[in-house]
Amino acid sequence: MKKHYAILLAILVASLPVLSACASLGIGNSQEKERQQYEQQIKAYQQAQEADQKAREAYNEALKKGLEDYYKSYSEWSANQTQQEIQAAEAAQKAKQGQ
């Protein structure tokens, strides 16, 4: 029995440099490759999420600015309309008093 352990140990010791070289070259290490691919996918997904978030923020900011500009323009137009109506009413009142 001890002889079997000694042979097994000798085989393992002899194959250690080969296994190490294979691991360094990426040969036969599919789990490591899968892990790296998974990490790359996670990184790509996170970058896509960040880009999406930035795009949403830019869109929301542009929308907010557009709505503010529209509200300002509408308020100015509405004020002008009201002023014109007041002037028209005053002119009509003066014309009525002049008759």
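Buried means under 20% relative accessible area, exposed means over 50%, and partly exposed lies in between (1.4 Å probe, protein chains only). This is a predicted model, where local features need pLDDT of at least 70, side-chain atom pairs count only at pLDDT 80 or more, and totals for chains, interfaces and linings use all residues. Residues are numbered from 1 along each chain as its sequence is written, and side-chain values use heavy atoms, leaving out hydrogens and water.

**View 1. The whole protein, to get our bearings.** Of its 99 residues, 1% count as buried. The protein has two helices and zero strands; helices (H or I, at least four residues) and strands (E, at least two) are DSSP runs, numbered from the N terminus.

View 2. Tyrosine 70 is exposed, at 57% relative accessible area, while tyrosine 74 is partly exposed, at 42%.

**View 3. Two aromatic pairs, one after the other.** The structure holds two aromatic pairs. In one of them, the ring centres of tyrosine 70 and tyrosine 74 are 6.4 Å apart with planes at 20°, so this pair is stacked. Rings of Phe, Tyr and Trp (its six-membered ring) pair if their centres lie within 6.5 Å; planes under 30 degrees apart are stacked, over 60 edge-to-face, and the rest tilted.

**View 4. Tryptophan 77 joins in.** Tyrosine 74 and tryptophan 77 both lie in helix H2, three residues apart. Tryptophan 77 is partly exposed, with a relative accessible area of 47%. Ring pairs link Tyr70, Tyr74 and Trp77 into a cluster.
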